[in-house]
Amino acid sequence: MSGIHERLAALSPEQRALLERRLKRQGIAAPDTGSTKPGQGQAAVEAAFVPKRRRSEAAMDFSLFFFSGDGSTMDRHKYGLLMECAAFADRHGFKAVWTPERHFEEFGGLYPNPSVLSAALAAVTERVELRAGSVVLPLHHPVRFVEEWSVVDNLSDGRVSVAFATGWHPADFILAPVQDPDYYVRRKEELFKSVEQVRALWSGEAVPFTDASGAVHRIKTLPRPIQSELNLWIATNGNEETYRQAAEIGAGILTGILGNGFTELEGKIERYREALLRHGYDPQTKKVAVMLHTCLGENDEAVRAKVERPLKEYLKIFLSQQRQILADYDGMTDADFEAIVSRAFDKYYRESSLLGTPDKCAKLVETLRDIGVSEIACLIDFGVDRETVMESLTLLSELQRKFAFDKELIP
């Protein structure tokens with residue numbers, strides 16, 4: 001490991017700061033340069049998992065989150081895991097099933113359109129919410145969005161909920177309703193502008209839009225949805241301004257454990273709820289959902305052995321995009337890269353995931369509940385085999401029942 005520590009130490013302050021910022025956005029800490037004393041890291045993890053207080057009035061919801069399915073597979077039953085897990089969630093009291101919008105990449109390529117998948121899930125479920133996690137709203141005309149999701153709302157008898165995201169990859173914007181280079185730059189502004197139009201259309205208002213000839217039409221969408229108001233979330237990688245904007249429109253938050261971990265997340269949640277109050281919303285009715293990779297088992301080492309390869313592959317996809325930061329120093333080898341991935345995996349497994357035994361995972365759930373998180377979105381499709389996923393769901397179901405009904409007050 002000394003080689004990689006030497007290379008990390010050789011980074012300029014600007015290079016290291018850039019690497020750390022990008023890793024933090026993914027909930028990963030940059031590898032240290034050897035200054036931590038032996039045993040310090042694990043002690044910090046254990047301390048982080050000690051609940052500070054019990055919010056006895058607040059249950060923790062659990063939902064299932066899909067994000068990583070391989071779009072290149074030729075398996076004719078490629079959506080079997082999604083359908084089976086959604087049916088399980090429906091039978092066992094989970095709050096929701098999230099499906100994302102992903103384009104043009106094998107990783108996540110099973111999910112190009114959450115409205116289509118949610119329509120399919122509506123046919124095999126009765127109670128669980130069907131959520132987009134997330135729709136990249138700047139890629140969609142507001143009218144088309146409302147038409148599609150109104151259909152799903154009808155098919156599901158009013159179980160639709162949608163998280164919106166700004167989008168990241170420029171190539172995705174070939175799908176945008178306008179082909180303007182500046183549109184990508186202002187995509188966040190466009191998102192919140194479109195949210196206003198979506199809400200108005202969903203409620204049945206006539207909203208003005210201009211056609212190809214320049215004529216203005218006041219449009220009302222059909223079919224009418226079951227729900228009079230669409231439950232909205234905003235997805236964020238931790239940007240504080242996004243929290244504020246979500247509070248301003250009364251939207252929930254979909255995020256992860258990012259940056260400086262629990263302390264930073266707790267502060268953002270507190271400020272988000274304060275902003276909700278300022279804008280006239282009841283903070284208790286707006287949720288903060290945190291996405292976590294999830295796989296439970298009776299033996300921690302057995303779970304680790306199951307998830308290590310697929311999770312490392314997930315981390316490699318992200319870290320490989322950052323290798324240009326490391327290109328300045330000579331001798332960067334595959335072994336060095338594997339060392340970074342291994343350290344990132346170790347930290348992620350210990351601190352930022354529902355991976356391991358139910359007792360280990362319960363400590364993290366308690367901590368998240370204590371800092372104001374309302375829901376855990378359990379990401380389960382990251383390469384673990386189907387049998388292991390279904391066995392994990394049985395244990396996860398028991399865990400979610402504990403946090404749904406455990407109202408014990410501890411001074």
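**View 1. Helix α6 along its length and at its end.** Helix α6 comprises 14 residues and reaches 20 Å from its first C-alpha to its last, close to the 20 Å expected at 1.5 Å a residue (the expected span being 1.5 Å times one less than the number of residues; helices are DSSP runs of H or I with at least four residues, strands runs of E with at least two, numbered from the N terminus). The model is predicted, so that local features need pLDDT of at least 70 and side-chain atom pairs count only at pLDDT 80 or more, whereas totals for chains, interfaces and linings use all residues. Residues are numbered from 1 along each chain as its sequence is written, and side-chain values use heavy atoms, leaving out hydrogens and water. After α6 comes aspartate 157, with a positive phi near 60°.

**View 2. The buried residues of α6.** Pro142, Val143, Phe145, Val146, Trp149, Ser150, Val152 and Asp153 are the buried residues of this helix (under 20% relative accessible area, with a 1.4 Å probe and protein chains only). Their cover includes α5, β3 (129-136), β4 (160-165), α8 (187-202), β5 (207-210) and β6 (216-219).

**View 3. The packing of α5 against α6.** Helix α5 (residues 114-122) and helix α6 (residues 142-155) pack at an angle of about 10°, with their axes 9 Å apart, and are therefore roughly parallel to each other (angles under 35 degrees). The contact (heavy atoms within 4.5 Å) is made by Pro114, Ser115, Ser118, Ala119 and Ala122 of α5 together with Glu148, Trp149, Val152 and Leu155 of α6.

How values were computed:
Axes are lines fitted to C-alpha atoms, for helices over the stretch in contact, and angles run from 0 to 180 degrees between N-to-C directions. Angles under 35 degrees count as roughly parallel, over 145 as roughly antiparallel, 65 to 115 as roughly perpendicular and the rest as oblique. Buried means under 20% relative accessible area, exposed over 50%, partly exposed in between (1.4 Å probe, protein chains only).
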